Amino acid sequence: MATKDIIKSFWNDLIASNKSKLKEYFSEEALINIHNINKEITLEEYINRNCDHKEEWDGEIVRHVEMNGLSVVVTKINTSEDNLSYNVVSFMKIKDDKIISIDEYWAENGRMPMWD
C-alpha cells in the first residue's frame with residue numbers, strides 16, 4: 001500500500017476514534033514522542049489518549065509531504081467542546097506498511113500572542 005494511503009486511512013480511523021483498528025497501523029516496536037509534553041509514550045497510551053475523550057472530533061489532513069522516507073503530515077482537528085481546534089504536525093516513518101515512529105506536535109488554534 002502506498003504511504004499516502006496508509007496515512008490517510010490512519011488519520012481517518014484516528015479522527016473516528018476507531019480504537020480496534022488503530023493498533024493494526026503500527027509495528028510492535030513503534031516509538032511515539034509527543035513533544036508538547038516532552039514524553040515518549042507507548043502505543044497503548046497513544047491510542048487511549050486519542051480515543052478516550054469525551055468530546056467528538058472531526059478533522060482533515062491539510063498537508064502531506066514525503067521526503068527521504070519521512071512523512072510530514074499537518075492535520076486540523078476540530079472538537080465539539082467549546083469549538084476548539086488544533087493543528088497537529090506529525091513526523092511519521094513507515095516501514096513495511098507499518099508506522100515505526102511518530103514525532104507529534106499539537107497546537108491549539110487561537111489568537112496570535114503579542115510579541116513586543
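Trainee: What makes the largest pocket a pocket, and how much space lies in it?

Mentor: About 300 Å³ of space lies in the largest pocket. On a 1 Å grid over the protein atoms alone, a pocket is an open set of points with protein on both sides within 12 Å along at least five of seven lines, whereas in a cavity a 1.4 Å probe fits but cannot get out. The volume is the space filled by probe spheres set on the points, which are joined across faces, edges and corners. This is a predicted model: local features need pLDDT of at least 70, side-chain atom pairs need 80 or more, and totals for chains, interfaces and linings use all residues. Residues are numbered from 1 along each chain, and side-chain values use heavy atoms, without hydrogens and water.

Trainee: Which residues line the largest pocket nearest its centre?

Mentor: Of the 16 lining residues, Ile34, Arg49, Asn50, Trp57 and Trp106 lie nearest the centre; a lining residue has an atom within 4 Å of a point. Helix H3 (43-51) gives the most, with three residues. Helices (H or I, at least four residues) and strands (E, at least two) are DSSP runs, numbered from the N terminus.

Trainee: Why is Ser27 called buried?

Mentor: Buried means under 20% relative accessible area, exposed over 50%, partly exposed in between (1.4 Å probe, protein chains only). Ser27 has 11% relative accessibility, so it counts as buried. Ser27 sits in strand E1 (residues 26-34). Leaving out residues up to four places away in sequence, Ser27 touches Lys98, Ile99 and Ile100, where contact means heavy atoms within 4.5 Å.
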